[in-house]
Amino acid sequence: MTHMRRALGAGVASAVLLALTGLSSTAAADPAPPADPAAAAGGRAVPADGKVMLVMGQDSDTLGDYRRDVLDDPALAAPAPGGVTLYTNLVLGGSPEALAGMNGPADWGAGTVDFARTMRDYPDAAVAVGLYLSDATSGCTNQPLRAVIGRDDADVTAGNPNLVTRYRAKVDEMINRFKSYDRDVLLRIGYEFDGPWNCYNSEFYKEAFRYIKGRIDALGATRVATVWQSAAWPVNTHPDHPEWNYVVTDPGHLDDWYPGERYVDWVGLSSFYNSRSVRTQWGCGSYDTDPVGLQDRILDFARAHGKPAMVSEAAPQGSRTGAGTTSCIFRNNPAPTGGQAIWDGWHAGYFDWLDRNKDVIRAAAYINTNWDAQTQWQCAGGAQAGGPGCANGNWGDSRVQADPTVLARFLDEIRRPTWSHNG
């Protein structure tokens, strides 16, 4: 979706309007977390026998290319993923329209999203859905969240007397559509909730998450699991306003955003950096807390709450598999390398990290995308992330099939018995 992640320019989050007065919490006291993460998720989309679900993404074009180039090649005998990633939104009056991709093909510059097409291509796969709830492009007022929770604010009620009803109708329409898919759905509600580029307010976010979970249960959508996904962005943003809850070094950061045990089925996180890749990816930038340490902290949070963890987004940001180059993520200055070096410098570290944490990680994504071919993610040579020619960061090309060595290593990895395939 329109995630302006990791290319945060000055002022993206500074427009956040926090109407904190009058907030009410719908959360009751939480029960003690169960010891078994699968039980905590109610068994929703959790692979059996301790396996990890492989989830490929993140748009219908990318997924169609992977099927054509990899899965449909009999010589490769590649196992199909257990899940696929798609995106939609719940923002009325924006572009694309609410529930884009679910009612027909949609493209907002990040590849075509077409739920019907992808479900035909992957008939046995679970669907991991990134649900965008931000009005970051129109003022950062959190109006979608406030409408979902039914806030009695002038711009929600007086100015738009039917806005709450319309938003809630869209929530129900979305959930009923998921029910009709007759497959497991991992719903990432307001994915990357603490990414300041989304400008969510933590209190509004938590209440909206609880409301959506309540409707999932009320409508009997027993195959829809909720995923609470942190951005794992290791930079404090606007520390002069700690009430915005974008200070990741705060020991209570995750607690401030957590909707509660009874509402969260899975704990999710993004993982674009690992111990082998941080030096290259962050060589021209700085962070406030160790990127890998922050990811481990989120996994520990999942363990403490007895939840299965989903690595909801992952890719070797800054690498270009097809061109055989790597670069820092904050400026596109590619250095020549090769497929084995790209694998060793990111993929091997990612899969090693997954293996070390397979006690809690039960689903793991890989974004197999040529970001450079998508207008939202393009970054010109020499351009600075967040500046002209590189508005949303330096992403590159993460397609495994773009390099024979990377593809061979990737297939060797996903053939291991650790992985759950075909849903």
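Modeller: About 60 Å³ of space lies in the largest cavity. Before we go in: this is a predicted model, where local features need pLDDT of at least 70, side-chain atom pairs count only at pLDDT 80 or more, and totals for chains, interfaces and linings use all residues. Residues are numbered from 1 along each chain as its sequence is written, and side-chain values use heavy atoms, leaving out hydrogens and water.

A cavity is a set of points on a 1 Å grid over the protein atoms alone where a 1.4 Å probe fits but cannot get out. Points are joined across faces, edges and corners, and the volume is the space filled by probe spheres set on them. Searching the whole structure turns up three cavities of 30 Å³ or more.

So who lines the largest one? It's Val52, Phe351, Leu354, Asp355, Ile361, Glu413, Arg416, Thr418 and Trp419, where lining means having an atom within 4 Å of a point. Five of the lining residues are nonpolar, one is polar and three are charged (Ala, Val, Leu, Ile, Met, Phe, Trp, Tyr, Cys and Pro count as nonpolar, Asp, Glu, Lys and Arg as charged, the others, Gly among them, as polar). Helix 10, residues 339-356, gives the most, with three residues. Helices (H or I, at least four residues) and strands (E, at least two) are DSSP runs numbered from the N terminus.

Now follow Ile361, one of the lining residues, into strand 12, residues 361-367. Seven of this strand's seven residues are buried, so it is largely enclosed by the rest of the structure; buried means under 20% relative accessible area with a 1.4 Å probe, protein chains only. Strand 12 runs parallel to strand 1 (residues 52-57), joined by five bridges, and Val55 stands opposite Ala365. Two strands pair if DSSP finds at least two bridges between them. Strand 9 is also parallel to strand 12, with three bridges, and here Met310 faces Ala363.

Strand 9 (residues 309-314) also holds Glu313, which is buried, with a relative accessible area of 0%. Its side chain makes a polar contact with that of Arg188 at 2.8 Å. That term means a pair of N or O atoms within 3.5 Å; within protein, one must be able to donate a hydrogen and the other to accept it, and residues adjacent in sequence count only if both atoms are side-chain atoms.

How values were computed:
Buried < 20%, exposed > 50% of the residue type's maximum accessible area, 1.4 Å probe, protein only. 1 Å grid on protein atoms, 1.4 Å probe; cavity = no way out; pocket = protein on both sides within 12 Å on 5 of 7 lines; lining within 4 Å.
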